[in-house]
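Dear colleague,

I am passing on a structure that you have not worked with before, and I would be grateful if you could read the notes below alongside it. They begin with a question and then go through what was found.

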Amino acid sequence: MKQKITILFIILAIFMARAFSTEQEPDILNFQEQKLRLQTGWGNPSPLETYFLQNNKNSPFRMLSSANYRGFIATWKIEKDKLYLTYIDNEKSKKNQMYKVFGKKGKEAVFADWFSGVIVADNFSFLEVDDNGKIKNLDSSFSYYIYVRKGFVQNYEKIPIFELANKNKEKNPKTQEMLSLNQRYISYYFRLWSDDSISYKNQEGRLTRKEGTSPILSYYSEDNLLWPYNWENKEKSGAPHCTWNVADKKIYLTDITLHTGTRFAGPDKTTIPLSELFKDANTKNGHFADWLNGIFIIQYGHDVEEGFYTRFEASENILISVKNGIIVKEYALGKNFDFSNRQKQYPPEIEALLKQW
């Protein structure tokens with residue numbers, strides 16, 4: 001009886017811990033002469049998904065099923081400590097679909113120099129239990145946790161599934177360090193895609209840009225590795241969420257908060273003093289964001305509770321063009337503006353800005 005309870009605990013621990021990431025069809029990773037399942041999902045996105053996000057590109061692939069929202073299964077290999085993409089399958093053609101993403105470069109393996117993060121690959125699909133309640137493949141089941149930086153493998157740990165499941169077992173320092181790194185990475189990306197807050201014309205709103213991340217990352221060339229509080233920071237890690245203020249058309253950064261955690265109820269928050277990043281952030285308005293350029297949307301509105309989640313309902317959308325931290329153009333788009341489903345044709349000057357979005 002005790003053995004069956006232990007086995008049940010192992011199975012539940014593993015699949016509860018990976019409930020969100022293993023529900024999606026995995027990619028494939030060829031590593032150390034093994035064909036492994038590369039986990040994909042909200043916690044560990046496919047490296048190809050991060051390619052689209054980081055380069056502001058729309059994926060040419062559409063959802064295949066509820067088990068494959070990304071619309072593809074990618075095949076990867078690690079060779080001489082470098083991560084390569086070798087094949088893209090969308091189940092609709094027997095032909096390699098890499099040309100849809102990389103054009104002529106897709107004829108050969110593509111070095112994944114855009115990817116930084118933790119990938120998790122395992123050698124099992126489901127644990128098999130015999131008639132006596134004993135797990136058949138427990139001793140031979142494992143997961144690789146592999147840390148990649150700009151396409152180069154930095155280090156990896158091969159962790160037996162039993163060790164992953166047993167939370168009470170003391171893990172060796174290298175294993176614990178890799179698991180902690182993976183958790184920080186998951187938390188960072190889970191909280192990365194959110195709008196900032198902004199105060200403009202005596203109203204509180206949300207500041208949105210096409211990238212879907214905080215505009216402060218443009219100060220760091222949109223490179224998460226340059227953001228001082230990325231997942232590599234063991235002491236203080238988190239995705240940036242900022243508050244901005246507009247005074248005399250100038251945009252000032254007034255507050256920086258790190259968002260962490262994976263609870264759907266909301267993030268854990270840590271405030272970062274502006275002086276940690278900007279030595280001259282001593283004006284009454286905050287730090288002047290003179291690096292800020294591009295097209296943004298300010299949304300006014302309120303949150304609406306819908307069942308288990310909260311939806312933001314806009315009452316107005318303001319399109320702004322920013323140059324060196326100064327708002328040089330602005331236009332009202334109305335409350336029902338939707339980039340994904342535009343029903344209205346706007347005047348030429350607005351359409352020109354929307355094309356730059």
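Does Trp 291 count as buried or exposed? Trp 291 counts as buried, because its relative accessibility is 13%, and buried here means under 20% relative accessible area, exposed over 50% and partly exposed in between, with a 1.4 Å probe and protein chains only.

Please keep in mind that this is a predicted model, in which local features need pLDDT of at least 70 and side-chain atom pairs count only at pLDDT 80 or more, while totals for chains, interfaces and linings use all residues. Residues are numbered from 1 along each chain as its sequence is written, and side-chain values use heavy atoms, with hydrogens and water left out.

To start with the whole, the protein has six helices and 17 strands, where helices (H or I, at least four residues) and strands (E, at least two) are DSSP runs numbered from the N terminus. Of its 357 residues, 48% are buried. Among the contacts with a separation of 6 or more, 54% join residues 24 or more positions apart, a contact being heavy atoms within 4.5 Å.

On the aromatic residues, a search of the whole structure finds 27 aromatic pairs; rings of Phe, Tyr and Trp (its six-membered ring) pair if their centres lie within 6.5 Å, and planes under 30 degrees apart count as stacked, over 60 as edge-to-face and the rest as tilted. One of these pairs, Trp 227 with Tyr 229, is edge-to-face, at 5.2 Å centre to centre with 70° between the planes. Trp 227 is buried at 0% relative accessibility, and Tyr 229 is buried at 5%. Phe 278 and Trp 291 form a stacked pair, 5.6 Å centre to centre with 10° between the planes. This pair links distant parts of the chain, since Phe 278 lies in the loop between strand S13 (268-272) and strand S14 (287-288), whereas Trp 291 lies in the loop between S14 and strand S15 (294-306), 13 residues apart. Phe 278 is buried as well, with a relative accessible area of 3%.

Elsewhere, strand S3 (residues 73-79) and strand S4 (residues 82-89) pair in the antiparallel sense over seven bridges, and strands pair if DSSP finds at least two bridges between them. Glu 79 stands opposite Lys 82 in S4, and in the hairpin of S3 and S4, with two residues between the strands, Lys 80 takes a positive phi near 55°. S4 also pairs with strand S5 (residues 110-111), in the antiparallel sense and over two bridges, where Tyr 84 stands opposite Phe 111 in S5. Lys 82 lies over the face of Phe 111, at 4.5 Å from the ring centre, the criterion being NZ of Lys or CZ of Arg within 6 Å of the ring centre and within 35 degrees of the ring normal.
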